[in-house]
Amino acid sequence: PIPSADMLSQLPTQFFATLVQNVNREIADGHDVINLGQGNPDTPTPPHIIRSLQESAENPLYHKYSPFRGYAFLKEAVAKRYKEDYNVDLDPETEVAILFGGKTGLVQLPQILLNPGDVCLVPDPGYPDYWSGVAIAQARMSFMPLLEGNGFLPDYEAISADDRQKAKLMFLNYPNNPTSAAAPLSFYEDTVEFAIQNQIVVASDFAYGAIGYDGHRPVSFLQAPGAKEVGIEFYTLSKTYNMAGWRVGFALGNAEIISKINLLQDHIYVSLFGGIQAAAAEALTGPQDCVTSLVAKYASRRDAFYEALSAIGWQAPKPQGSFFGWLPVPEGHSSAEFANILLREAKVAVAPGIGFGSHGEGYVRIGLLSDEQRLQEAAERIGRLQLFK
Ligand code: PLP
């Protein structure tokens with residue numbers, strides 16, 4: 001028999017896999033599905049970044065192994081972007097690690113910081129990769145409920161004294177997937193204080209750091225005074241520059257944590273293809289109007305979609321950030337049942353809130369990941385089901 005590590009059976013089920021299967025079945029049956037379930041950006045990578053990769057691919061230097069921990073120019077590029085966008089100072093050499101997408105860092109962080117049985121504070125609802133990392137590290141999760149009444153921010157007072165004492169790591173994610181909430185700087189100031197008092201490392205997942213609405217640029221955790229003493233931020237090019245397939249991300253902040261991340265990575269990877277690193281540097285240092293126009297595009301999709309939803313009687317506050325909407329499920333249905341009804345009867349795919357944790361029940365997540373017309377059509381199709389009184 002083939003042996004199997006116990007850890008494998010403890011990994012959470014990848015609920016998106018089921019969602020994709022259901023969507024594909026509908027498509028195979030010939031239906032025109034509007035897929036707003038997954039978080040896959042639908043806009044191509046800006047042409048100047050692609051050109052940079054094309055040119056870099058010709059450079060024989062990049063055909064060799066890249067240096068361990070990546071090229072200095074890429075670390076300098078991300079430090080420069082943080083200075084410009086958030087006025088945060090980062091030492092490219094000691095406070096930046098290059099990752100294969102934010103995901104590898106998020107999932108590996110618990111292995112780097114925790115021992116089996118240690119506690120990790122995890123938002124509920126939240127991005128399921130946090131659970132995977134904790135499971136691989138054989139650590140234990142303590143969920144922090146994100147409630148609508150509290151702006152979907154965790155209430156640190158509500159964490160039990162025992163968990164507060166045992167917790168060594170905490171994940172936060174604003175702009176938030178799935179609730180689309182944003183966090184004010186004052187929340188991060190409180191977070192730094194809480195982290196110092198309880199000796200907890202903060203991992204801020206800033207995957208949607210560029211996507212804020214109504215004139216609000218999202219706040220970076222590293223803007224809070226003292227943040228670098230207690231934590232790091234994960235930053236990724238996936239959403240900001242529509243580079244999800246390129247797999248470029250970063251861990252930024254506390255030098256001791258960064259060095260531990262690099263240490264583990266040295267044993268697993270060398271570094272990203274040099275041509276991708278060059279194109280990533282171009283993304284970060286080149287013209288940024290692609291980001292401005294991307295955010296404007298999501299904003300007008302959001303406005304058109306929420307107007308159409310309101311016309312069918314489905315009311316919810318508009319997203320503050322990210323490209324997701326977080327909408328209440330009408331009474332009498334679970335989020336999974338409701339998502340199934342929308343897929344089966346309206347051919348609109350959405351993600352059931354329960355997939356993000358027990359406090360996600362009662363909601364569905366809808367991605368603003370089709371053009372305005374398709375989003376309006378999705379709302380009209382849902383409206384025809386007469387589910388909202
Ligand atoms: N964090 C959150 C909240 C996300 O939604 C995603 C991607 O969907 C990621 C991290 C992962 O990003 P990356 O593509 O950099 O691995």
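Helices here are DSSP runs of H or I at least four residues long, strands are E runs of at least two, and both are numbered from the N terminus. Counted that way, the protein chain comes to 15 helices and 12 strands. Keep in mind as you look around that this is a predicted model.

Start with the whole chain. Its radius of gyration is 21 Å, close to the 21 Å that the globule rule gives for 389 residues, so the chain is as compact as a globular protein of that length. Along the principal axes, the C-alpha atoms fill a box of roughly 55 × 55 × 55 Å. Buried residues make up 48% of the 389 residues. As for contacts with a separation of 6 or more, 75% of them pair residues 24 or more positions apart.

The domain assignment gives domain 1, made of 6-45 plus 289-383, and domain 2, running over 64-285. Taken over C-alpha atoms, the centres of domain 1 and domain 2 sit 25 Å apart. Where the domains meet, domain 1 puts in 32 residues and domain 2 puts in 32 residues.

Let's walk along the side of domain 1 that touches domain 2. The elements giving two or more residues to that side are α1 (6-10), α13 (289-311) and β9 (324-328). Of these, α13 gives the most, with 6 residues. And what sort of residues make up the side of domain 1 that touches domain 2: nonpolar, polar or charged? They divide into 16 nonpolar, 14 polar and 2 charged.

Methods. Residues are numbered from 1 along each chain as its sequence is written. This is a predicted model: local features need pLDDT of at least 70, side-chain atom pairs count only at pLDDT 80 or more; totals for chains, interfaces and linings use all residues. Domain bounds come from an automatic or database domain assignment. Two residues are in contact if their C-beta atoms, placed from the backbone, lie within 7 Å. Ala, Val, Leu, Ile, Met, Phe, Trp, Tyr, Cys and Pro count as nonpolar, Asp, Glu, Lys and Arg as charged, and the others, Gly among them, as polar. The radius of gyration is taken over C-alpha atoms; the globule rule is 2.2 Å times the number of residues to the power 0.38. A residue is buried if 20 or more other C-beta atoms lie within 10 Å of its own, exposed if 12 or fewer, and partly exposed in between; C-beta atoms are placed from the backbone.
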